[in-house]
Amino acid sequence: MVISIDPASAVAPFEQIRVQVAEQARGGALPVGTRLPTVRGLAGELGLAPNTVARAYRELEADGVIETRGRSGSFVAAVGDTAQRAASEAALDYAHRARRLGLTRDAAIAAVLAACDAVYDD
């Protein structure tokens with residue numbers, strides 16, 4: 001696993017870690033089952049506080065990218081299925097909320113597209 005932190009970046013270090021690990025897991029550079037470095041080990045390697053790495057790991061676990069197996073450590077999870085399932089659940093929740101708010105289908109879709117345009121650099 002190769003992680004680099006840009007101290008001059010406006011992006012917080014924990015977010016830089018989260019993004020890089022997630023991209024490597026989704027891209028196959030970190031295959032399912034790969035054991036990640038310990039929080040303290042990666043923090044020492046990157047010159048960061050352990051809490052910074054711990055936050056990145058917590059967010060990766062919440063996103064389903066990694067799983068923690070107690071004292072055995074943290075491992076890359078089967079990302080594709082978990083990410084797709086989580087996105088589908090979020091989309092369904094959004095659709096229900098948009099309908100309760102009285103938005104039309106087209107207005108709800110337009111809001112999603114605007115949000116995606118704001119987040120994705122494509």
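Let's start in helix H3, where Arg-55 and Glu-59 sit four residues apart, so about one helical turn separates them. Helices here are DSSP runs of H or I with at least four residues, strands are runs of E with at least two, and both are numbered from the N terminus. In general, an α-helix has 3.6 residues a turn, so residues three or four places apart point the same way. The side chains of Arg-55 and Glu-59 meet in a salt bridge, at 3.2 Å from N to O. A salt bridge here means a side-chain nitrogen of Lys or Arg within 4 Å of a carboxyl oxygen of Asp or Glu.

A word on the model. It is predicted: local features need pLDDT of at least 70, side-chain atom pairs count only at pLDDT 80 or more, and totals for chains, interfaces and linings use all residues. Residues are numbered from 1 along each chain as its sequence is written, and side-chain values use heavy atoms, leaving out hydrogens and water.

Back to H3. Which residues of H3 are buried? Val-53, Ala-54, Ala-56, Tyr-57 and Leu-60 are. They cover an arc of only 160° around the axis, so they lie on the same side of H3. That arc is taken from the directions from the helix axis to the C-beta atoms. Buried means under 20% relative accessible area, exposed means over 50%, and partly exposed is in between, with a 1.4 Å probe and protein chains only. On the other side of H3, Asn-51, Arg-58 and Ala-62 are exposed.

What do the buried residues of H3 pack against? Helix H1 (13-27), helix H2 (39-46), strand E1 (66-68) and strand E2 (74-76). Contact means heavy atoms within 4.5 Å. Just after H3, Gly-64 takes a positive phi of about 80°.

Now the other salt bridges. The structure holds four. Glu-15 pairs with Arg-18, the closest N and O atoms being 2.6 Å apart. Both lie in helix H1, three residues apart. Is Arg-18 buried or exposed? At 18% relative accessibility, Arg-18 counts as buried. Asp-63 counts as partly exposed, at 35%. The side chains of Asp-63 and Arg-18 also meet in a salt bridge, at 3.6 Å from N to O. Asp-63 lies in the loop between H3 and E1 and Arg-18 in helix H1, so this pair ties together parts 45 residues apart in sequence.

Last stop, helix H4. Arg-85 is found there.
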